[in-house]
Amino acid sequence: MMQPVAEALHTAIAGVDLNNVDLSNLDLSVLDRIAVWYGGLPSSVQTGVTIVVGAVVAYVVFKIVAKIIKGLIISIIAAVLAFLLTTVPGNMILSNAYDRVEQQVSTSLSQSQ
(Lines give C-alpha, C1' and ligand atoms only; values in the text may rest on other atoms or scores of the structure.)
Protein backbone atom coordinates (compact mmCIF):
# COMPACT_ATOMS: atom_id res chain seq x y z
CA MET A 1 0.00 0.00 0.00
CA MET A 2 2.88 2.40 0.74
CA GLN A 3 4.58 1.50 -2.55
CA PRO A 4 2.14 3.43 -4.82
CA VAL A 5 2.27 6.49 -2.53
CA ALA A 6 6.08 6.47 -2.55
CA GLU A 7 6.15 6.12 -6.32
CA ALA A 8 3.67 8.96 -6.76
CA LEU A 9 5.67 11.19 -4.43
CA HIS A 10 8.91 10.35 -6.25
CA THR A 11 7.27 11.10 -9.62
CA ALA A 12 5.93 14.42 -8.32
CA ILE A 13 9.32 15.45 -6.93
CA ALA A 14 11.22 14.26 -10.00
CA GLY A 15 8.88 16.27 -12.22
CA VAL A 16 9.67 19.59 -10.48
CA ASP A 17 11.58 21.96 -12.75
CA LEU A 18 13.75 24.02 -10.44
CA ASN A 19 14.26 26.63 -13.16
CA ASN A 20 10.63 27.75 -12.73
CA VAL A 21 10.68 27.77 -8.92
CA ASP A 22 11.63 30.85 -6.88
CA LEU A 23 14.55 29.66 -4.75
CA SER A 24 15.30 33.04 -3.18
CA ASN A 25 13.37 32.18 0.01
CA LEU A 26 15.40 29.01 0.56
CA ASP A 27 18.62 28.96 2.51
CA LEU A 28 20.75 27.07 -0.01
CA SER A 29 24.45 26.52 0.43
CA VAL A 30 26.91 27.30 -2.32
CA LEU A 31 27.07 23.62 -3.25
CA ASP A 32 23.27 23.46 -3.42
CA ARG A 33 23.20 26.50 -5.72
CA ILE A 34 25.86 24.93 -7.95
CA ALA A 35 23.83 21.69 -8.02
CA VAL A 36 20.69 23.60 -9.02
CA TRP A 37 22.60 25.51 -11.71
CA TYR A 38 24.18 22.28 -13.00
CA GLY A 39 20.83 20.45 -12.97
CA GLY A 40 19.25 23.20 -15.05
CA LEU A 41 21.79 22.84 -17.83
CA PRO A 42 21.06 20.77 -20.93
CA SER A 43 22.48 17.25 -20.86
CA SER A 44 25.19 17.97 -23.44
CA VAL A 45 26.36 21.05 -21.50
CA GLN A 46 26.38 19.01 -18.27
CA THR A 47 28.65 16.49 -19.98
CA GLY A 48 30.92 19.28 -21.22
CA VAL A 49 31.12 20.90 -17.78
CA THR A 50 31.88 17.53 -16.21
CA ILE A 51 34.68 16.86 -18.70
CA VAL A 52 36.19 20.34 -18.29
CA VAL A 53 36.08 20.20 -14.48
CA GLY A 54 37.50 16.66 -14.53
CA ALA A 55 40.32 17.75 -16.83
CA VAL A 56 41.17 20.74 -14.64
CA VAL A 57 41.20 18.63 -11.48
CA ALA A 58 43.30 15.94 -13.20
CA TYR A 59 45.80 18.59 -14.39
CA VAL A 60 46.13 20.10 -10.91
CA VAL A 61 46.60 16.68 -9.30
CA PHE A 62 49.14 15.76 -11.99
CA LYS A 63 51.15 18.93 -11.32
CA ILE A 64 51.11 18.32 -7.56
CA VAL A 65 52.15 14.68 -7.89
CA ALA A 66 54.81 15.59 -10.47
CA LYS A 67 56.32 18.11 -8.03
CA ILE A 68 56.26 15.53 -5.24
CA ILE A 69 57.91 12.91 -7.44
CA LYS A 70 60.44 15.44 -8.75
CA GLY A 71 61.28 16.40 -5.17
CA LEU A 72 61.50 12.73 -4.21
CA ILE A 73 63.84 11.96 -7.11
CA ILE A 74 66.03 14.96 -6.29
CA SER A 75 66.13 13.84 -2.65
CA ILE A 76 67.13 10.31 -3.62
CA ILE A 77 69.88 11.60 -5.94
CA ALA A 78 71.15 13.95 -3.19
CA ALA A 79 71.19 11.10 -0.66
CA VAL A 80 73.07 8.79 -3.04
CA LEU A 81 75.61 11.51 -3.84
CA ALA A 82 76.06 12.32 -0.15
CA PHE A 83 76.57 8.63 0.57
CA LEU A 84 79.12 8.29 -2.22
CA LEU A 85 80.92 11.50 -1.28
CA THR A 86 81.28 10.40 2.32
CA THR A 87 82.05 6.71 1.84
CA VAL A 88 84.36 6.62 -1.18
CA PRO A 89 86.75 9.41 -0.09
CA GLY A 90 86.41 8.28 3.53
CA ASN A 91 87.35 4.75 2.50
CA MET A 92 90.31 6.06 0.47
CA ILE A 93 91.57 8.19 3.39
CA LEU A 94 91.24 5.34 5.88
CA SER A 95 92.83 2.89 3.46
CA ASN A 96 95.79 5.23 2.90
CA ALA A 97 96.10 5.79 6.66
CA TYR A 98 96.04 2.01 7.26
CA ASP A 99 98.72 1.49 4.60
CA ARG A 100 100.89 4.18 6.23
CA VAL A 101 100.48 2.64 9.70
CA GLU A 102 101.19 -0.84 8.28
CA GLN A 103 104.31 0.48 6.58
CA GLN A 104 105.46 2.20 9.79
CA VAL A 105 104.87 -0.99 11.82
CA SER A 106 106.74 -3.08 9.21
CA THR A 107 109.63 -0.64 9.20
CA SER A 108 109.69 -0.52 12.99
CA LEU A 109 109.65 -4.33 13.27
CA SER A 110 112.38 -4.80 10.68
CA GLN A 111 114.62 -2.24 12.42
CA SER A 112 114.16 -3.87 15.81
CA GLN A 113 115.33 -7.29 14.52
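Reply: Start with the elements: helices (H or I, at least four residues) and strands (E, at least two) are DSSP runs, numbered from the N terminus. Gln46, for instance, is in helix H3. This is a predicted model, in which local features need pLDDT of at least 70, side-chain atom pairs count only at pLDDT 80 or more, and totals for chains, interfaces and linings use all residues. Residues are numbered from 1 along each chain as its sequence is written, and side-chain values use heavy atoms, with hydrogens and water left out.

Me: How many helices and strands does the chain have?

Reply: There are three helices and zero strands, in the order α-α-α from the N terminus.

Me: Which residues does UniProt list as "transmembrane region"?

Reply: UniProt positions are given in the numbering used here, feature names are shortened, and annotations may be inferred rather than shown by experiment. The unreviewed entry lists residues 45-65 and 72-94. In the model, residues 45-65 are 100% helix and 0% strand, with end C-alpha atoms 30 Å apart. Residues 72-94 are also 100% helix and 0% strand, and their end C-alpha atoms lie 32 Å apart.

Me: At what angle do H2 and H3 pack?

Reply: Axes are lines fitted to C-alpha atoms, for helices over the stretch in contact, and angles run from 0 to 180 degrees between N-to-C directions. Helix H2 (residues 30-39) and helix H3 (residues 43-112) pack at about 130°, with axes 9 Å apart. H2 is therefore oblique to H3; angles under 35 degrees count as roughly parallel, over 145 as roughly antiparallel, 65 to 115 as roughly perpendicular and the rest as oblique.

Me: Which residues make the contact?

Reply: Contact means heavy atoms within 4.5 Å. H2 contributes Trp37, Tyr38 and Gly39, and H3 contributes Gln46, Val49 and Thr50.

Me: What is in contact with Gln46, beyond its neighbours within four places in sequence?

Reply: Tyr38, Gly39 and Leu41 are. A polar atom of the Gln46 side chain lies 2.8 Å from the backbone oxygen of Tyr38, and the backbone oxygen of Leu41 is 3.4 Å from a polar atom of that side chain.

Me: Is Thr87 buried, partly exposed or exposed?

Reply: Buried means under 20% relative accessible area, exposed over 50%, partly exposed in between (1.4 Å probe, protein chains only). Thr87, in helix H3, counts as partly exposed because its relative accessibility is 32%. Across the chain, buried residues make up 3% of the 113 residues.

Methods:
A polar contact is a pair of N or O atoms within 3.5 Å; within protein, one must be able to donate a hydrogen and the other to accept it, and residues adjacent in sequence count only if both atoms are side-chain atoms.
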